[in-house]
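Dear colleague,

I am passing on the structure below, together with notes on what turned up when I went through it. Please read the notes with the coordinates open.

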Amino acid sequence: MKHFLRALSGIIFLILNVLFSPVSAQTSYKISGRITDAVTGEGIPFASVAIKGKTAGTTSDENGQYTLVTTQTGDSLLFSSIGYQTRAYPLTLAPSQTIHAVLMSAANRLQEVKIYAKGGDPAYRIIRETIRRRDQFDPDQLTAFQYESYSKVEAYVNNFANQRKKGRGAGPVGKLLSKLPAIYDREGKPAVPVYVSETISEYYQRSNPQKTKERILKSRASGVGVSDGGVAAQLTGSSFQQYNFYRNYISLLRKDLPSPLGQAWQTIYTFRLIDTVEVGGMVCYQIDFEPKRVTDLAFSGTAWIDTTRLGLSQIDARVDQRANINFVDEIRLEQEWEEVGDGISGQAVRLPVLTQLLIDTDEPTPNAPGALVRFYMAARNVQVNKPQDTKFYEPPLELAENYSEKSPVYWQSHRPDNLSPDELRAFEVVDSVRNVPFMKVLGEIVNLTMVGYYPLGSVHLDVGPLLNSYAYNNVEGHRLRLGLRTNTGFSRRWILGGYLAYGTRDQQLKYGMNIDYVIRKKPYTIAGIEKTYDIERLGASSENLGSNTLFAAYTRFGTLRRPYMQESQTTYIKSELGKGITQTVSLRNRTFEPLFPFAYSVKEPDQTTASFYRTTEVQFETRFAPGALMIQSDNDRFTVEGSNNPVVTFRYQLGLRNVLHGDFTYHRFSLNLRHSFRMGVLGRTRYQVNAGYIPSTIPYPLLYIPLGNETFFRVENAYNLMNFFEFVSDRYVGVLGEHNFEGLFFNGIPAIRRLKWRFLATGAVFLGGVSEANRTLIPATNELGQTVLGFQSMSRAPYVEVGYGIDNIFKVFRVDAIHRLTYRNNPNVSTFGIKVSAWVNL
């Protein structure tokens, strides 16, 4: 998700790191009061308040209180909220005035209905029958549906205008924030917009087979640190804002929240029938729901179920800070469902046509600011049961060539009418914020920290990555590295990169360079060439480490056991074939120049052993990721995988003897499967399976070496108590698994549930072997008479390690205790270890 982090890096940094500071008050009119329900007298939360005909406005808090501070005035003040009739109150020119608003429900209340039921609240009978009939209303059960979508995302830094403790004045950052353009929140305090986007798209979904597609037609995005509006458009469109309460779980902030209309309804929630009202022309039951345990990761709120067909008409679901989600003070998800004729049978079906999501963050420390993020999505021109051909849905996410549209006139004519004045001002204000010199520098610093590259201005080059700039080890001494790459300003088709590295001890220059070209973007196809000459180590080479950049940088430090120099040339082409399939074909030629005593037996008549070899291989890799969405940047492509779908990668490598001086003919087969799935209230399980077979006789550096971990921190795709290069195999199968119980255990313990700890269980098994031909290929000594370092293969017993841990310590740290159960007598191994890891985790 590096491109997504780049787009929102400025927001994240401000949320977590900017110090609190007061802001000086502005000379203005102040209007305050409370907005209440005309019947119940209760406060109406998040109601809109606006001066008629002006841009000034705000929203009420959770109790219906509001404060509007503005330099504008008018003849009346408008109050509106979902489900209520809009009402206007007259304004005066007084500098301070109080206006209490009373709103009438848009739903006409019916005459009193008395319901008598045995065995508890009648809401349970209604919900039970609603769930029994959910196949009639679940959009996933329709043959197909499609609609035009308008989505809007806003992010603000707020809560930095309070007085600091002990009367301390504003710090330099606080003083600067107080001078930035702002929009006033519902309490009359400034909120600085740091990101805002609008997107218009077409969304399609069909069942049997399950397919979705979103075509991004127009979009604009602006914010601190935003460098690619196309990525932002794809990540904030309808594909990522599908909240269907008929599903068992709602995926939100990478969390699985049980739906009150899902299978776990009776286990998780309590229900209470409140009233019978008319909503959207339908008579509905108004039912409140809340989790049985307030600390559970679940919703509380109100659902309106129509009394005739028992289908969902409207829902207001909330999650507060008592739930086990970090940095979140409140989440509010509101939906309005509307009946649409299916055009075939004449029967009406129901779909969510308006979705509003508000995420209000909790301040990490008393003197830190918070953040407010709003998502708004409206569906128009809904059509159902008109499926397209299956080929139409490929690719699932498509960005129009002329998607960028910045004209205010266009957006005024295409956005919905019910946006508040402050929402309409957001683009104007955020553009002013992002152009402040300090904010520009702030975005670049955070971008360098999180992405690792720093742009070099108008030359269209980035320097980095930061993690690889320095290392120290026993072979190279001080390793210094400088890398450059082109960015989108250079070309939207060509990507060039390279680096130079130098070791003060071996005094050797290393280098790498690559050229990639985007052949076409539909279907996405890219080709490239790469050449490197650098030091590697057995068991921790770049091929073993994969995309774990932090672990790869760390392995450059310390003692490099069994190091070797490698010169490599690679040519590849990669293309999306549709249906989640990506095919890569590559040709690679590389050398192995050992820096340790090594040899292998050769059958040539004039030579019995050799230590240097060269390989030429063709590689075919097929990756199948059903449900994954491919995000297209200006000249790159990355995947956002579905949370519940397995990802399978199959790879075949064919070694070619006497082609480009290759020394061996060999075959290598490997299969990798990664999967994550929900186990109801028990939490989430993640596992990874690796299997492979090498039916050839080749030197052991070309066999499979499972990834060990000799560091003090835990690595997800490694055997964490196995040493580097501890085992070698030519046939193998390995399983790595983890189950996160989330708050299941600790939420029930009063003394520690406030810590929001999460309990985990882990396990890893690896079983492999080496053929007799590959064992005997290694001689006792090399051509210089040195004793050759061999390798260890496994017996029939598998390698096994199990562990348990606590996640979310201080909302950042994870600690795992791991036990090694087999091969405990191997030299220099640890049979028990404590591994630590850290990341910002929700």
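**Notes on the predicted model**

The protein chain exposes about 38200 Å², of which carbon and sulfur atoms supply 55%; accessible areas come from the Shrake-Rupley method with a 1.4 Å probe, and for residues only the protein chains shown count as cover. This is a predicted model, in which local features need pLDDT of at least 70 and side-chain atom pairs count only at pLDDT 80 or more, while totals for chains, interfaces and linings use all residues. Residues are numbered from 1 along each chain as its sequence is written, and side-chain values use heavy atoms, with hydrogens and water left out.

Of the 842 residues of the protein chain, 53% count as buried, where buried means under 20% relative accessible area, exposed over 50%, and partly exposed in between (1.4 Å probe, protein chains only). The secondary structure comes to eleven helices and 44 strands, these being DSSP runs numbered from the N terminus (helices H or I, at least four residues; strands E, at least two). Among contacts (heavy atoms within 4.5 Å) with a separation of 6 or more in the protein chain, 64% are between residues 24 or more positions apart.

**Backbone details**

Two cis peptide bonds may interest you. One joins asparagine 208 and proline 209, with omega about 0°, and proline 209 sits in the loop between strand 11 (190-206) and strand 12 (211-223). Another joins glycine 464 and proline 465, with omega about -5°, and proline 465 belongs to the loop between strand 24 (461-463) and strand 25 (470-473).

Positive phi values also occur in residues other than glycine. Arginine 562, with phi near 55°, lies in the loop between helix 10 (549-554) and strand 30 (563-578) and counts as buried because its relative accessibility is 18%. Asparagine 828, with phi near 60°, lies in the loop between strand 43 (813-820) and strand 44 (832-838) and counts as exposed because its relative accessibility is 74%.

**A hairpin**

Leucine 252 has lysine 255 in strand 14 as its bridge partner, and the hairpin has two residues between the strands, with leucine 253 taking a positive phi near 55°.

Definitions and conventions:
Two strands pair if DSSP finds at least two bridges between them.
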